[in-house]
Amino acid sequence: MTHRSATALSDHKTSGLLGPVLRSVGPGDRTARLNIDQNDPFFFDHPLDHVPGMLFVCGIADLARTGTPARFAGRIQGSLTFRKICEPDPAPALWYATSNRRGKARITQDTATVADGWFALSPAAPPVAHAHRLDPGRWQPAEAALVHRTRAENIVLGEPWREDGQITALVLPPPWGHRLAGPAPDTYPIECLIEAGRQFSTWLAHRQARWPVDAQLLWIGVTGDLPTRLPRPFAVALRWRVAPLTGTKAKFHFDLVNADGRGPALGSLSFACKALSPAEYALFRENREQVR
């Protein structure tokens, strides 16, 4: 476990970030045209030639929260599969339908489906977080290049450590006002937990699978089972059991745990991704191939 000793997390507060615009199309169904702002300091933390998957995650989370009875919003399970690269223009549409506690989502561009998935909500009580309070200023964030971020405030993963055949990394909540800060200031937003998992899988792809730092990592899919009322003051971490990694495709399974290791797992995340060299990615983009 690495204590932070040098650079403090930025206190920079992002502002003026626009979420998706919702347009109701019928009872239980909603559509939204996703806002593609290439000046957005989180989604476009660095130059991209495509729409990042986290924009889909945040859009779906926004829609899932809209119109959901509070008694159901205790835990969320779901999966999102990425079918194609999404272009910045025209703006993709997010279609969403829900029936009571279950929902489906699909992101389309022109006539093509670029991502789709499902989710289920449950009225679970908040998980028991041990009284180990988080002091982000004490922890070293993960190396920016290894999580594909450039802005300090966008790194939500602490420097991972290895112990007893497992690699663990603290989840660092973003500063107030950040796109991932969420609507409830006293809990961990699921968007933050998913982004921490994305950063952890990226870090492992480079450090454990030895994929080159300049490799383009493409999401294939993400699956999660997460609490939505996890108390933000307490320290939580993602834990990966060390396993062999070969080839240019990988799947990472993380347990969400108390940072001190006590108690049962609080949730889980799984990420599937593949790596392309710069030359392979250029050919991939030229041919507009399927993600798989």
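## A central strand and its partners

In strand 9, the residue that forms a bridge with Gly78 is Gly224. The model is a predicted one, in which local features need pLDDT of at least 70, side-chain atom pairs count only at pLDDT 80 or more, and totals for chains, interfaces and linings use all residues. Residues are numbered from 1 along each chain as its sequence is written, and side-chain values use heavy atoms, with hydrogens and water left out.

Strand 3 and strand 9 run antiparallel and are joined by seven bridges. Strand 9 also pairs with strand 12 (residues 267-276), in the antiparallel sense and over nine bridges; here Thr223 stands opposite Ser270 of strand 12. Two strands are said to pair if DSSP finds at least two bridges between them. Of the 12 residues of strand 9, nine are buried, and the strand is thus mostly covered. Buried denotes under 20% relative accessible area, exposed over 50%, and partly exposed the range in between, with a 1.4 Å probe and protein chains only.

## The chain as a whole

The protein chain has 12 strands and three helices. These elements are DSSP runs numbered from the N terminus: helices are H or I runs of at least four residues, and strands are E runs of at least two. The chain comprises 292 residues, of which 52% count as buried.

## Nonpolar cores

The largest nonpolar core has 68 residues, and those with the most contacts inside it are Met54, Phe56, Phe200 and Phe254. Such a core is a set of buried Ala, Val, Leu, Ile, Met, Phe, Trp, Tyr and Cys residues joined through side-chain atoms within 4.5 Å. Another core, of seven residues, lies apart from it and includes Trp139, Leu172, Val257 and Ala259.

Leaving aside residues up to four places away in sequence, Phe56 touches Leu34, Val51, Leu80, Phe82, Cys86, Ile107, Val114 and Ala115.

## Enclosed cavities

The model holds two cavities of 30 Å³ or more. On a 1 Å grid over the protein atoms alone, a cavity is a set of points where a 1.4 Å probe fits but cannot get out, whereas a pocket is an open set with protein on both sides within 12 Å along at least five of seven lines; lining residues have an atom within 4 Å of a point. Grid points are joined across faces, edges and corners, and a volume is the space filled by probe spheres set on the points.

The largest cavity contains about 290 Å³ of space. Its lining consists of 21 residues, with Ile76, Gly78, Ser79, Phe119 and Ile194 nearest its centre. Two or more lining residues come from each of helix 1 (53-65), strand 3 (75-82), strand 6 (112-122), helix 2 (190-207) and strand 9 (216-227). By class, the lining of the largest cavity has 14 nonpolar, six polar and one charged residue. Ala, Val, Leu, Ile, Met, Phe, Trp, Tyr, Cys and Pro count as nonpolar, Asp, Glu, Lys and Arg as charged, and the others, Gly among them, as polar.

## The largest pocket

About 610 Å³ of space lies in the largest pocket. It is lined by 31 residues, and Leu48, His50, Arg198, Gln216 and Leu217 are the closest to its centre. The lining of the largest pocket divides into 20 nonpolar, seven polar and four charged residues.

Helix 1, helix 2, strand 9 and helix 3 (278-287) each supply at least two residues of this lining. Strand 9 gives the most, with four residues.

## Loops and backbone features

Most residues other than glycine have a negative phi, and most peptide bonds are trans. The peptide bond from Asp89 to Pro90 is cis, with omega near 0 degrees, and Pro90 is found in the loop between strand 3 and strand 4 (93-99). His148, although not a glycine, has a positive phi of about 60 degrees. His148 belongs to the loop between strand 6 and strand 7 (161-163) and is partly exposed, with a relative accessible area of 21%.

Arg210 is likewise not a glycine and has a positive phi, of about 65 degrees. Arg210 lies in the loop between helix 2 and strand 9 and is exposed, at 64% relative accessible area. Leu266, in the loop between strand 11 (249-258) and strand 12, is buried, with a relative accessible area of 4%. Leu266 and Ala237 are 29 residues apart in sequence and 9.7 Å apart in space, C-alpha to C-alpha.

Methods: Contact means heavy atoms within 4.5 Å.
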